[in-house]
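Here is a short briefing on one model. Read it beside the sequence and the 3D view.

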Amino acid sequence: MRHVRKGYAGALRADDGTGLVISRPDLQPDLTPVVERGVVPVSYLNSYVADDEQPCAFCAKRTPHKRGYTVSLADGRIALCGHCCADRFFGKEKAAALSSDYLQRHRLAMLRQAVANLQAAIPTLLDLLTPALVQFEKAALCAVKMISHETSRFSLRHRDIPGITALLSGGAPARIAYGRERLAAWMEIDAQAVTGKDLVAVMREAAKVDAQLEIGLRFLSHAANLFDPDNFSQVNVFCRCQSGAVDVFSMSRDLDGQLTLHRHPRRHPEPWMPDPKPEAHRIGLVPDIPEWLGLIAYSPAIADELQQLADERAIARKEKARRRK
Ligand SMILES: [Zn+2]
């Protein structure tokens, strides 16, 4: 999304996405070549890093320069001003105010651009994070929580089952479901209308959601491995290897192909304790493992957006530092 002042077409080449940094300031129509002494601009319209040296409209010698501002004057004229001349001709305080006003607008434009880029990436992300993945995440979380609950409650002699413990780390929130929700919500934002503060909040949250989505996708992939029947049989091997009498887990497949988890209690090791019920205890359904095609294509588009924002911020910081010199 580019917002270039009308009549600037062709002037924009050093495109940082905001339309405020240009490389051909000379192509702007109606430039005033010479500004009378004592005239101070009302604002900076854009900044430029020109390909060729430009004559300054403010200093007596029209000093050629490559870096500067296109400024607007009270009477509506526009002119080029070399970046070294502002302090000398407008006074330090006025130059600082003009520059700070411009930087603020530039920052806001970058934020709007970043949020617009984020929004442009969202439909692709929502396509990748299919409802089937959300369902699997929900079912897988439910299944690992059930197994964890069963083992902690009934099989005190179990050590933690490694795969289950790992999958429950971090509180195991439904990250994909939450991410989808947030992505959909950001689509509703009018990036050109909301405040800078709100834009910053969106980008900050986007960074967090991006990280959560990555962890969430890893969770799905590990959960799919764990609930693969061949792999899950290793859980039973693990249980049998524990000392004392412990429960064993199994999966059974019905005619529809649906997998169900069972726990088979062993005899209680302490003879004075009554035997637990011998029959298998149905824990619950094992989630259907979805196709992973979408995930392979998941190249974190949000991460790219954030990188771009970080780059833009670095450029702005450099610009600011240079101006301070
Ligand atoms: Zn000058």
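Two strands pair if DSSP finds at least two bridges between them. Helices (H or I, at least four residues) and strands (E, at least two) are DSSP runs, numbered from the N terminus. On that basis S2 and S3 pair in the antiparallel sense over eight bridges. The model is predicted: local features need pLDDT of at least 70, side-chain atom pairs count only at pLDDT 80 or more, and totals for chains, interfaces and linings use all residues. Residues are numbered from 1 along each chain as its sequence is written.

**Overview and confidence**

- The protein chain holds nine helices and seven strands.
- Of its 325 residues, 29% are buried. A residue is buried if 20 or more other C-beta atoms lie within 10 Å of its own, exposed if 12 or fewer, and partly exposed in between, with C-beta atoms placed from the backbone.
- Two residues are in contact if their C-beta atoms, placed from the backbone, lie within 7 Å. Taking contacts between residues at least 6 apart in sequence, 63% join residues at least 24 apart.
- The average pLDDT (the predictor's confidence in each residue, from 0 to 100) is 78, and 76% of the residues score at least 70.
- Confidence is highest in S4, at 95, and lowest in helix H8 (residues 293-296), at a mean of 38.
- Residues 1-14 have a pLDDT below 50, and this stretch has 26 contacts in the model beyond near neighbours in sequence.
- Residues 292-303 also stay under 50 in pLDDT. The model gives them 18 contacts beyond four places in sequence.

**The four-stranded sheet**

- Four strands form an open sheet in the order S1-S2-S3-S4, with mixed pairing.
- Strand S1 (21-22) and strand S4 (78-82) are the edges, and each pairs on one side only.
- S1 and S2 run parallel and pair over two bridges. Ile22 has Tyr48 as its bridge partner in S2.

- Ala57 sits in the loop between strand S2 (43-55) and strand S3 (64-72). Is Ala57 buried or exposed? Ala57 counts as buried because 25 C-beta neighbours fall inside 10 Å.
- Val34 is 23 residues from Ala57 along the chain, yet their C-alpha atoms are separated by 4.4 Å.
- Beyond four places in sequence, Ala57 contacts Thr32, Pro33, Val34, Val35, Ala79, Leu80 and Cys81.
- Most residues other than glycine have a negative phi. Asp30 has a positive phi, near 60 degrees. Asp30 lies in the loop between S1 and S2, and counts as exposed because it has 9 C-beta neighbours inside 10 Å.
- Arg62 also has a positive phi, near 50 degrees. Arg62 is placed in the loop between S2 and S3. With 15 C-beta neighbours inside 10 Å, Arg62 counts as partly exposed.

**Nonpolar cores**

- A nonpolar core is a set of buried Ala, Val, Leu, Ile, Met, Phe, Trp, Tyr and Cys residues joined through C-beta atoms within 7 Å.
- The largest has 40 residues. Ala140, Val144, Ile147, Leu220 and Ala223 have the most contacts inside it.
- Elements giving two or more residues to this core include S1, helix H2 (92-128), helix H3 (131-154) and helix H6 (196-226). H6 gives the largest share, 10 residues.
- Why does this core lie between domain 1 (1-90) and domain 2 (110-316)? Both domains give residues to the core, so it lies between them. The domain bounds come from an automatic or database domain assignment.
- Leu220 contacts Leu133, Phe136, Glu137, Ala140 and Ile176, leaving aside its neighbours within four places in sequence.
- A second, separate core has 18 residues, including Leu45, Tyr69, Cys81 and Tyr102.

**Helix H6**

- H6 has 31 residues and spans 45 Å from its first C-alpha to its last. That is close to the expected 45 Å, where the expected span is 1.5 Å times one less than the number of residues.
- Buried residues in H6 include Leu199, Val202, Ala206, Val209, Leu213, Gly216 and Leu220.
- An α-helix has 3.6 residues a turn, so residues three or four places apart point the same way.
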